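Student: I have a structure open on my screen and would like to learn how to read it. Could you walk me through it?

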Amino acid sequence: MEYTNIEVQINESSAQITMNRPQALNALNSQVFVELNSALDEIEKNDNLRALIITGNGKAFVAGADIGEMSEMNEEQAYNFAKTGHDTFNRIANLKIPVIAAINGFALGGGCEFAMACDIRIANTFAKFGQPEVNLGLIPGYCGTQRLSRIIGLSNALHLLLTADMIDANEALRLGLVQKVTEPEDLLNEANKIVSKITSKGKLAIEKAKEVTVKGINMDFDSASKLEVEEFSKLFGKPESKEGMTAFLEKRKPNW
Ligand code: CO8
């Protein structure tokens with residue numbers, strides 16, 4: 001597919017999606033979701049990929065769902081638009097490979113929800129976060145009510161959701177919404193450093209560490225513990241763990 005609202009870069013072992021609708025601060029409209037899903041198809045099919053970076057062009061990561069498009073919607077259309085966002089972001093959250101959001105500017109409303117569907121978030125000092133939907137007489141519709149409270153806790157989430165306050169990158173770091181803050185020129189370097197660390201580990205171990213953690217947070221504790229034991233023990237039947245442990249004992253780097 002030819003992309004006009006996003007850029008997709010496939011490297012040897014990682015991919016990057018750059019949101020590229022800067023004239024509308026990368027706002028999410030129906031066409032953006034079509035392109036995002038097509039990029040995800042491409043990424044899912046490529047077994048060489050070990051990590052995905054998502055970032056934005058211009059002064060926004062994503063400034064939310066497209067308010068112009070939403071203003072024309074009836075209830076049914078809004079339901080479908082919200083469902084498309086849920087499905088797309090759940091796809092990202094459940095992607096086998098880790099996803100790093102490199103947040104270069106505004107991450108508001110649907111943009112903050114997009115970032116929260118990613119596994120790790122780093123931000124530059126220009127980044128701003130918030131769930132301003134109540135300013136529009138709306139609530140988050142891409143799972144922000146659920147992901148925000150799981151990431152920063154119930155009261156911190158309600159504080160942001162109910163006041164629509166916009167917070168800067170350092171406040172986001174303090175709340176645990178992002179894991180690192182960088183200078184603007186260092187953002188992608190830092191994201192790629194994380195990618196390099198991830199790609200130096202066992203491929204299956206990385207996939208399973210993500211899968212069990214992401215699935216587990218939405219399960220009851222006993223079921224999630226059971227899932228961990230099952231997936232942990234299955235790794236002992238794989239050459240990757242044999243090589244990892246042997247390499248440690250032989251005081252050498254694993255040859256995955
Ligand atoms: N949708 C559409 N266009 C947008 C959006 C948006 N979310 N954000 C910015 N733009 C456009 C502006 O309209 C403007 O266009 P134009 O130049 O044609 O007038 C252009 O981008 C540049 O924006 P500004 O001139 O406003 O730039 P500023 O630097 O002055 O301000 C802000 C930046 C503070 C980010 C400001 O643009 C803003 O407040 N944007 C809206 C932020 C917002 O409210 N986001 C939440 C939207 S609601 C949402 O995301 C719900 C998600 C769930 C949806 C469920 C589906 C039904």
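Student: Which helices and strands each supply at least two residues of the shell around the ligand?

Tutor: A word on the source: this is a predicted model, where local features need pLDDT of at least 70 and side-chain atom pairs count only at pLDDT 80 or more, while totals for chains, interfaces and linings use all residues. Residues are numbered from 1 along each chain as its sequence is written, and side-chain values use heavy atoms, with hydrogens and water left out. Helices (H or I, at least four residues) and strands (E, at least two) are DSSP runs, numbered from the N terminus. Here the suppliers are helix H2 (67–71), helix H3 (75–93), strand S6 (106–108) and helix H4 (110–117). H3 gives the most, with three residues.

Student: Which residues come nearest to the ligand?

Tutor: A residue is near a molecule if one of its heavy atoms lies within 4 Å of it. Of the 25 residues around this ligand, Lys 59, Ala 63, Ala 65, Ile 67 and Gly 110 come nearest. Look for N or O pairs there: a polar side-chain atom of Lys 59 lies 2.7 Å from a ligand oxygen atom.

Student: Is Lys 210 buried or exposed?

Tutor: Buried means under 20% relative accessible area, exposed over 50%, and partly exposed in between (1.4 Å probe, protein chains only). Lys 210, in helix H9 (residues 203–216), has 9%, so this lysine is buried.

Student: What joins the side chains of Lys 210 and Asp 119?

Tutor: A polar contact of 2.8 Å. The term covers a pair of N or O atoms within 3.5 Å; within protein, one must be able to donate a hydrogen and the other to accept it, and residues adjacent in sequence count only if both atoms are side-chain atoms. Lys 210 is also 7.5 Å from Lys 96, C-alpha to C-alpha, although the two are 114 residues apart in sequence.
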